[in-house]
Amino acid sequence: MAAGDGLPRLEIPVTRTLIVASALASRDYQDVHHDPGLARERGSRDIFMNILTSNGLVDRYVTGWAGPAAVVKAIRIRLGAPSHPGDTLVLTGTVTATSDADRTVDIAVEGTNGLGTHVAGTATVQLPEAG
């Protein structure tokens, strides 16, 4: 692999269950992640995904590509457009750098939905030793 190589695209349906369950699993009890009425009162069209879920989905994306023995060394993300029930989150990535010395790969990651960029950032994974 080399800088410029693309990762395969991953489409994730954003369901109400995904949003609520992952918010609860990450101990994020903010009402905007589970109560549609209160989310609308606060200016949103519906409940929306929390940042910890977005971070976890980026982790899933890069480890799904790198394999189960890869170690995520860093994820740095920023949120943009919200992800609501009924959206599809489309994750894409590009290798930006590799290091043979420590077997790390830097990846630029973007997750988009119908509103635009939901999450963007970078991830660094360490690949296992060839064996």
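What follows is a working chat about a predicted model of one protein.

Trainee: Before we start, what are the ground rules here?
Mentor: This is a predicted model, where local features need pLDDT of at least 70, side-chain atom pairs count only at pLDDT 80 or more, and totals for chains, interfaces and linings use all residues. Residues are numbered from 1 along each chain as its sequence is written, and side-chain values use heavy atoms, with hydrogens and water left out.

Trainee: How many helices and strands does the protein have?
Mentor: Three helices and five strands. Both are DSSP runs numbered from the N terminus: helices are H or I with at least four residues, strands are E with at least two.

Trainee: In what order do the elements run from the N terminus?
Mentor: β-α-α-α-β-β-β-β.

Trainee: And what does the C-alpha trace span?
Mentor: About 55 × 25 × 20 Å along the principal axes.

Trainee: What share of the residues counts as buried?
Mentor: Of the 131 residues, 39%. Buried means under 20% relative accessible area, exposed over 50%, and partly exposed in between, with a 1.4 Å probe and protein chains only.

Trainee: Let's do the strands. How do strand 2 and strand 5 run?
Mentor: Antiparallel. Eight bridges join strand 2, residues 71-79, to strand 5, residues 116-126. Two strands pair if DSSP finds at least two bridges between them. Val 71 stands opposite Gln 126 in strand 5.

Trainee: What about strand 4 and strand 5?
Mentor: They pair in the antiparallel sense too, over ten bridges. Asp 106 faces Thr 124 of strand 5 there. A hairpin through two residues joins strand 4 to strand 5.

Trainee: Core next. Which residues touch the most other members of the largest nonpolar core?
Mentor: Val 62, Leu 91, Ile 107, Val 109 and Val 125, out of 25 residues. Two or more residues each come from strand 1 (6-13), helix 3 (51-66), strand 3, strand 4 and strand 5. Helix 3 gives the largest share, five residues. A nonpolar core is a set of buried Ala, Val, Leu, Ile, Met, Phe, Trp, Tyr and Cys residues joined through side-chain atoms within 4.5 Å.

Trainee: What does Leu 91 touch?
Mentor: Not counting residues up to four places away in sequence, its contacts include Pro 8, Leu 10, Ile 12, Leu 57, Val 58, Tyr 61, Val 109 and Val 119. Contact means heavy atoms within 4.5 Å.

Trainee: Where is Gly 93, and is it buried or exposed?
Mentor: Gly 93 is in strand 3. It counts as buried, at 7% relative accessibility.

Trainee: How far is Gly 93 from Arg 103?
Mentor: Their C-alpha atoms are separated by 18 Å, and the two residues are ten apart along the chain.

Trainee: Where does Arg 103 lie?
Mentor: In the loop between strand 3 (88-99) and strand 4 (104-113). Arg 103 is partly exposed, with a relative accessible area of 29%. Its phi is near 60°, a positive value in a residue other than glycine.

Trainee: Why point that out?
Mentor: Because most residues other than glycine have a negative phi.

Trainee: Which loop holds Arg 27?
Mentor: The one between helix 1 (16-25) and helix 2 (36-41). Arg 27 also has a positive phi, near 60°. Arg 27 counts as exposed, at 65% relative accessibility.
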